[in-house]
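Biologist: I would like to go through this model with you, question by question. Could you put it on screen?

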Amino acid sequence: MAGDSTPATGKTHPSGSMEVKERQKWGVSASDVVSHFGTSGMSVAAATAITHPLDVLKVRLQMQLVGRRGPLVGMGRLSLQVVESEGLRSLYLGLAPSLMRSVLYGGLRLGLYEPSKYLCELAFESTNILVKIASGAFSGAVATALTNPVEVLKVLSSEGFMVLLNNPHCCAGFQVRMQMNTRSSLGPIHEMRRIASEEGVRALWKGVGPAMARAATLTASQLATYDESKQALIKYTPLEEGFHLHLISSTIAGSVSTVMTAPMDMVKTRLMLQRESNCAGLYRNGLHCAYQVLRSEGPSGLYKGGFAIFARLAPQTMITFVLCEKLRGLAGLKAI
């Protein structure tokens, strides 16, 4: 984790992997910890700020025709409709909680990966692909469990329109909370307090199960793929540690993670945008939500907004890893 980490034997392989008996001596000073988690949080926040409009569109695409089959509006057409009817600023709804979440969640998600991998190495004397997947899954799940309230606030902020519009089977007043709150200037902290007081503290952890599953899958597929891709490219191509290696590896990681997480992202969004009420069609949990979507909307329902997820996640992954590697180098930390 620290920048002054050195192998006990003084020998490392070109790919960055170590033999079973080789061990890293990791520093745990305050500056090392701040640099390690800070570079992760800053890189994720920068990537989030650039790709946030795509995240807003993704949420809206996922909330189309809830519980029904029918033709879906594409991302291009939806973006034009949103800008024409609500203005360009609507594409940045929820940016404040999104950035807050990025620093906290991103810093933990990326920052916990290497310590987790190191502990697995001590326990199993291996850093194979399974260890990397397990380390990534653990990092993502823990980060989400701690930061889910901010994620709920972000999703609510980015929606800003009636979820079940034109759905005759739902209660007449069922509306996304931030329909009103996006017009408020009281800020995300006030909104979080309002949700807790009106619906209970548990409402801030709504959808935490699917969110943890998605984060575990995302981080495992993203970081393990990135890590393995870097080693394979270094081994089988002339590429060396640097911008081009980071760019290609992060592109591969972004593509893999999109395919793996799109259905979970859909379930997480649906759960977070429902209220505790007697409305028909609400979901009891993640599995029930997935079943209802499959039954009423078909398999393609789980991939609503899938292109928007890829359009956001692929560049976000590239920006995150390229920038994170650069910041780690400036901070004196070794590459991921």
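Modeller: One term before we start: a contact means heavy atoms within 4.5 Å. This is a predicted model, so local features need pLDDT of at least 70 and side-chain atom pairs count only at pLDDT 80 or more, while totals for chains, interfaces and linings use all residues. Residues are numbered from 1 along each chain as its sequence is written, and side-chain values use heavy atoms, with hydrogens and water left out.

Biologist: How many helices and strands does the protein chain have?

Modeller: Helices (H or I, at least four residues) and strands (E, at least two) are DSSP runs, numbered from the N terminus. From that end, the order of elements is β-β-α-α-α-α-α-α-α-α-α-α-α. The count is 11 helices and 2 strands.

Biologist: What share of the residues in the protein chain is buried?

Modeller: Buried means under 20% relative accessible area, exposed over 50%, and partly exposed in between (1.4 Å probe, protein chains only). The protein chain has 336 residues. Of these, the buried share is 53%.

Biologist: Among contacts with a separation of 6 or more, what share comes from residues 24 or more positions apart?

Modeller: Take the contacts in the protein chain with a separation of 6 or more.

Biologist: Which side chain does R109 join through a polar contact?

Modeller: R109 sits in helix α3 (residues 95–111) and counts as buried because its relative accessibility is 7%. Beyond four places in sequence, R109 touches S139, G140, A143, L218, T219, Q222 and L223. A polar contact is a pair of N or O atoms within 3.5 Å; within protein, one must be able to donate a hydrogen and the other to accept it, and residues adjacent in sequence count only if both atoms are side-chain atoms. At 2.7 Å, the side-chain partner of R109 is Q222.

Biologist: How far apart in space are R109 and S139?

Modeller: Along the sequence, 30 residues separate R109 and S139. From C-alpha to C-alpha, the distance is 5.1 Å.

Biologist: Is Q222 buried or exposed?

Modeller: Q222 belongs to helix α8 (residues 208–236). Neighbours within four places aside, Q222 contacts R109, A253, S257, L313, T317 and F321. Its relative accessibility is 3%, so Q222 counts as buried.

Biologist: Which residue has a side chain that makes a polar contact with the side chain of E228?

Modeller: E228 is also in helix α8, and at 29% relative accessibility it counts as partly exposed. Leaving aside neighbours within four places, E228 is in contact with I129 and K132. I129 is 99 residues away along the chain, yet its C-alpha atom is 7.3 Å from that of E228. The polar contact, at 2.6 Å, is with K132.

Biologist: Which backbone oxygen does the side chain of H36 reach?

Modeller: H36 lies in helix α1 (residues 30–62). At 0% relative accessibility, H36 is buried. At 2.6 Å, its side chain reaches the backbone oxygen of G111.

Biologist: Why do the buried residues of α2 line one face of the helix?

Modeller: An α-helix has 3.6 residues a turn, so residues three or four places apart point the same way. In α2, M75, L78, S79 and V82 are buried. The arc is taken from the directions from the helix axis to the C-beta atoms. Seen down the axis of α2, its buried residues line one face because they fall within an arc of 100°.

Biologist: How far apart are the end C-alpha atoms of helix α11?

Modeller: The expected span of a helix is 1.5 Å times one less than its number of residues. Helix α11 (residues 306–330) has 25 residues, so it should span 36 Å. The model agrees, with end C-alpha atoms apart by 35 Å.

Biologist: Which residue just after α11 takes a positive phi?

Modeller: Look just past the end of α11. With a phi of about 85°, the residue is G332.

Biologist: How many disulfides does the structure hold?

Modeller: A disulfide is a pair of cysteine sulfur atoms within 2.5 Å. C120 is buried, at 16% relative accessible area, and C324 is buried at 1%. The number of disulfides is 0.
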